[in-house]
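Please keep the coordinates open while reading.

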Amino acid sequence: MFDRTAVRRGPALPDFPWDSLADQAARARSHPDGLVDLSVGTPVDPVPQLLQDALGSVADQPGYPATHGTPQLRAAVVEGLRRRHGIDGLDEAAVLPTIGSKELVAWLPTLLGVGRGDIVAIPELAYPTYEVGARLAGAEVVRLADGEAPPAGTALVWLNSPSNPTGRVLDAEAMAASVEAARSVGAVVASDECYLALGWSADPVSVLHSSIHSGRIDGLLAVHSLSKSSSLAGYRAGFVTGDPGLVAGLLEVRKHAGMIVPRPVQAAITSAMADDVHVAEQRDRYFARRAVLLPALRAAGFTVRHSEAGLYLWATRSEGAWQTIDWLAERGILAAPGTFYGPAGAEFVRIALTASDERVAAAAVRLTS
Ligand SMILES: Cc1ncc(COP(=O)(O)O)c(C=O)c1O
């Protein structure tokens, strides 16, 4: 018989981690100079005017948009990836816009037909939605330590460079080795590249760069987001590209399932991928905030590991993550415990660069006084 209560509960998913920060958030909020929230990577800077204009420019189009995106969007993505990241030879038909990248991350195993009996391999420290997606599909999750090969039976391997939460960048050699290891068990590689434009002391490389795949992109997907590089988190703007056969399969299912990016957002994605100036400006803002927070954390006794790219500082005081979260909350600062990203984060906290200059300066004063 059908179990209606299971519908309400849904599949077995992890607890939503942010709910467990409520006490520390309340404590941090009671600081006389207010909360500095560095716990989530949500953009705070204005949406570039160019992108607001693009959004409004097609506000009066009553028809359904294409799931595949407009030809202009696909051309702008191919050209933008070539210009910004040196990715050559992409097929415009192999570009598919997504409603932000989180939905694609959560549904990719299902959309690919990965399911019960299959393994989804994720990094040892990982964005939680990789695990959620595997569980939604009924697949098993395996966390891979650095350089560890995926086991037989792995259907999908997630890479994430620059990494959330650690800011670690895989160099071309390490990424090529990961691709090779995934291929040797027949797995699809999904490379989550939402922080690719935010390299600080290392140069992140895309899985679609020729130095990684030597001309063979079969089995490779690159997942991109405009949330961070173009401050478009509110628009829900992303895309996936890579192996034309895989992308065609995703398109087919998404067409049937109504997973369509709204037409105004498609216009914003097109403009964003055609313009590098606003990306450079946004990069500069995050770079400046990093330059304030990094020395302040070190002066306060933190050790910062990796963090060579992306939007986070991965920091430790060589104590339990929740002890550090409490220590920060006393100073009105909210961060995320490393345990949100995997057991290996037990002594780390993740500190986001996504607060206003004024709030970041306030955090630095509190850390150093
Ligand atoms: C590693 C990683 N992937 C994907 C996402 C999802 O971003 P969005 O859905 O805004 O594109 C995030 C958001 O923080 C992330 O950190």
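Of the 369 residues of the chain in this predicted model, 49% count as buried. The secondary structure comprises 13 helices and 13 strands. With a radius of gyration of 20 Å, close to the 21 Å that the globule rule gives for 369 residues, the chain is therefore as compact as a globular protein of that length. Along the principal axes, the C-alpha atoms fill a box of roughly 55 × 50 × 50 Å. Where contacts link residues at least 6 apart in sequence, 76% of them join residues at least 24 apart.

The largest nonpolar core holds 114 residues, and those with the most contacts inside it are Leu156, Val189, Ala268 and Ile351. Because domain 1 (17-46 + 278-368) and domain 2 (51-274) both give residues to this core, it lies between them. Leu156 touches, among others, Pro109, Leu112, Val114 and Val120, and its contacts also include Ala187, Val188 and Ala190, leaving aside residues up to four places away in sequence.

An open sheet of four antiparallel-paired strands has the order β9-β10-β13-β12. Its edge strands are β9 and β12, each of which pairs on one side only. Two bridges join β12 to β13, the two strands running antiparallel, and Ala336 stands opposite Arg350 in β13. Helix α11 lies across β9, β10 and β13, and runs at about 5 degrees to β10. The residue ranges of these elements are as follows.

| Element | Residues |
|---|---|
| β9 | 303-305 |
| β10 | 312-316 |
| β12 | 336-337 |
| β13 | 349-352 |
| α11 | 277-299 |

How many of the nine residues of helix α6 are buried? Seven of them are, so that this helix (residues 129-137) is mostly covered. The buried residues are Thr129, Tyr130, Glu131, Val132, Gly133, Ala134 and Ala137, and what covers them includes helix α5 (102-112) together with strands β3 (119-123), β4 (140-144) and β5 (154-160). Just after α6, Gly138 takes a positive phi of about 80 degrees.

Thr5, by contrast, is found in helix α1 (residues 4-9). Is Thr5 buried or exposed? Thr5 is exposed, because 6 other C-beta atoms lie within 10 Å, and a residue counts as exposed at 12 or fewer. Thr5 and Val95, which are 90 residues apart in sequence, are 39 Å apart in space, C-alpha to C-alpha.

Note on methods. Residues numbered from 1 in each chain as written. Predicted model: local features only at pLDDT ≥ 70, side-chain atom pairs only at ≥ 80, totals over all residues. Core = buried A, V, L, I, M, F, W, Y, C linked by C-beta atoms within 7 Å. Buried ≥ 20, exposed ≤ 12 C-beta atoms within 10 Å, placed from the backbone. Domains from an automatic or database assignment. Contact = placed C-beta atoms within 7 Å. Pairing = 2+ DSSP bridges. Axes fitted to C-alpha atoms, helices over the stretch in contact; angles between N-to-C directions. Rg over C-alpha atoms; globule rule 2.2 N^0.38 Å.
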